[in-house]
Amino acid sequence: MDHMDSGQRPTQKKSIVLVVSPLNALIRDQVTKLKQSGLKACILKGDRVEGDEEERKQEQEGLAFSAIENPREFQLIFAHPEALVGNKNVIKLLKTTEFKNRIKVIVVDEAHLVVDWKNFRPSYGKLATIGSILPQVPLLGLTATATKKTRTDIIESLGMVNPVEILGNPDRPNISFSSSSRPDRGEDKLNEILVPLVESLKKERTKFPFTVVFGTLETISSCYNFFSQAMGKEQYEPIDALPKAENRLFTQFHAQYPPQEKERIIDGLILGKSKLRIVFATVAFGVGLDLKDIRQIIHIGLPSTMEEYFQEAGRAGRDGLPPTAHIYYNSYDTSKARKHFVFSNEGLCAIKEV
C-alpha cells in the first residue's frame, strides 16, 4: 500500500486493493492483522460494510455508512465471491469512475478454490466477471498449492491472458512427516489414537502442544464426544472453572458449527487469549488460517488430494520451529481415496519408470 500511495497528493483519494476471500474466519484473521498494522480494512457483505466495533455500534444506531455510498475510507476491501458476482449494487459500484480509478489490484486469495469450489459455490466460477468490468486493473491469484493442471484451470477460469506465473517450492523442511495404520472396524477403533492424547492433555493442560486433528465430520464428532466423556470436569481450565465453551481445552470446527462459535474460536486463537490446545476440524479450518504455533497436525483418514494435504499439514510450524504431521489410515481410507488421489494429483509428482 505504501508503494501504491506514494506520489499521491494529499487531496487524492487513496488506492484500494479488492480482495476476494473464501471464509469469514480467514477474512477476520486478515482484517484484524491489517488493522494492527495501521491499514484501513473492511468486509463487504453484499451491499454493506462490517468494520470495527465502533462501526458496528453506529450500524445498530442507523449511522453506519454503506460501502455502496462511501467506500473512500478504506485501503483494503475484502469480500466473498457471492458479494461481488451477481450483486447489482456492487456491480454498479465497481463501474463508477471513482472505483475504476482507485482500485489498483484485484486479489483472489486461495485461488485454487475457483476450481475446487466452482460447483459447491458457483460464484467462484464467475469471478472473471469482475475482471471484465475492470479490465485495466491487474489480477493476482494466490495459492500455496496448485498442480500444473490446476494452475491452467485457474488462469482459464479467471480470464487471465498470458499471466506471469511465480512458483515457489512447497517443501517445508521443518515439518516431520509420518504415518501409521489404524483399525478399520469396532466401536473402539479410534481409542488407540485418542487415549494417548487425552492422557497427555490431562497431564500437560495448557502446556500441551497446540494440535489440530483433521477428519470427516463424523470422525471429528466422534473424537469430540470421546474427549468430553474421557476428560469430564478436567476438560475445563482451570478444573473448577464454569463449564463454558471458552474454558474448554478442546473444541470442534466445521461448516455446520454455529458461526458465532467459529468466530469466537478464531478470534481467541489470533489474539492469543484462547485456552484451546486441541481442535478437531474438517477442511473448513485449514483454508488460509495463519497461526504460528501449531505444533502437531494429525489426520485420521486420508485427505482427498495431495493439495488438500499440503494445505492442512502446512498449518504447522509457521514460526519455524519443528512440528509433526502424522496420518492414521486403514484399508477403507486407502480404498476410498486411491482413485481420486491418483487422477487429481497428475502434474504434482513426476512419475518415472525405473
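In this predicted model, helix H10 (residues 191-204) and helix H11 (residues 217-231) pack with their axes 10 Å apart and at an angle of about 45°. An angle that lies between the limits of 35 and 65 degrees counts as oblique, and H10 and H11 are therefore oblique to each other. The crossing in which H10 passes H11 is right-handed. On the H10 side the contact is made by Asn191, Leu194, Val195, Leu197, Val198, Leu201 and Lys202, which meet Cys223, Phe226, Phe227, Ala230 and Met231 of H11.

Arg205 lies in the loop between H10 and strand S8 (211-214), and Pro238 has its place in the loop between H11 and strand S9 (250-253). The peptide bond that joins Glu237 and Pro238 is cis, with omega at about -5°. Both Glu237 and Pro238 are in contact with Lys275, as are Glu246, Asn247, Arg248 and Leu249, when the neighbours of Lys275 within four places in sequence are left aside. Lys275 itself belongs to the loop between helix H12 (259-271) and strand S10 (278-281), and although Lys275 and Arg205 are 70 residues apart along the chain, their C-alpha atoms are separated by 9.3 Å.

Arg205 has a positive phi although it is a residue other than glycine, and a positive phi is also found at Asn162, which is in the loop between helix H9 (148-158) and strand S7 (176-181). The table sets out these two residues.

| Residue | Phi | Relative accessible area | Class |
|---|---|---|---|
| Asn162 | about 45° | 72% | exposed |
| Arg205 | near 55° | 12% | buried |

Lys275, with a relative accessible area of 26%, is partly exposed, because that class covers values between 20% and 50%.

As for the chain as a whole, it has 14 helices and twelve strands, and buried residues make up 45% of its 354 residues. Of the contacts with a separation of 6 or more, 76% are accounted for by residues 24 or more positions apart. The accessible surface comes to about 19200 Å², and 53% of this belongs to carbon and sulfur atoms.

In soluble globular proteins, nonpolar side chains tend to be buried together. Here the largest nonpolar core has 34 residues, and those with the most contacts inside it are Ile77, Leu84, Leu94, Ile103, Val114 and Leu127. Helix H5 (residues 88-94) gives the most to this core, namely four residues. Another core, of 22 residues, lies apart from it and includes Val212, Phe253, Ile265 and Ala313.

Note on methods. Residues are numbered from 1 along each chain as its sequence is written. This is a predicted model: local features need pLDDT of at least 70, side-chain atom pairs count only at pLDDT 80 or more; totals for chains, interfaces and linings use all residues. Side-chain values use heavy atoms; hydrogens and water are left out. Helices (H or I, at least four residues) and strands (E, at least two) are DSSP runs, numbered from the N terminus. Buried means under 20% relative accessible area, exposed over 50%, partly exposed in between (1.4 Å probe, protein chains only). Contact means heavy atoms within 4.5 Å. Accessible areas come from the Shrake-Rupley method with a 1.4 Å probe; for residues, only the protein chains shown count as cover. A nonpolar core is a set of buried Ala, Val, Leu, Ile, Met, Phe, Trp, Tyr and Cys residues joined through side-chain atoms within 4.5 Å. Axes are lines fitted to C-alpha atoms, for helices over the stretch in contact, and angles run from 0 to 180 degrees between N-to-C directions. Angles under 35 degrees count as roughly parallel, over 145 as roughly antiparallel, 65 to 115 as roughly perpendicular and the rest as oblique. A crossing is left-handed if the near helix is turned anticlockwise from the far one by less than a right angle, and right-handed if clockwise.
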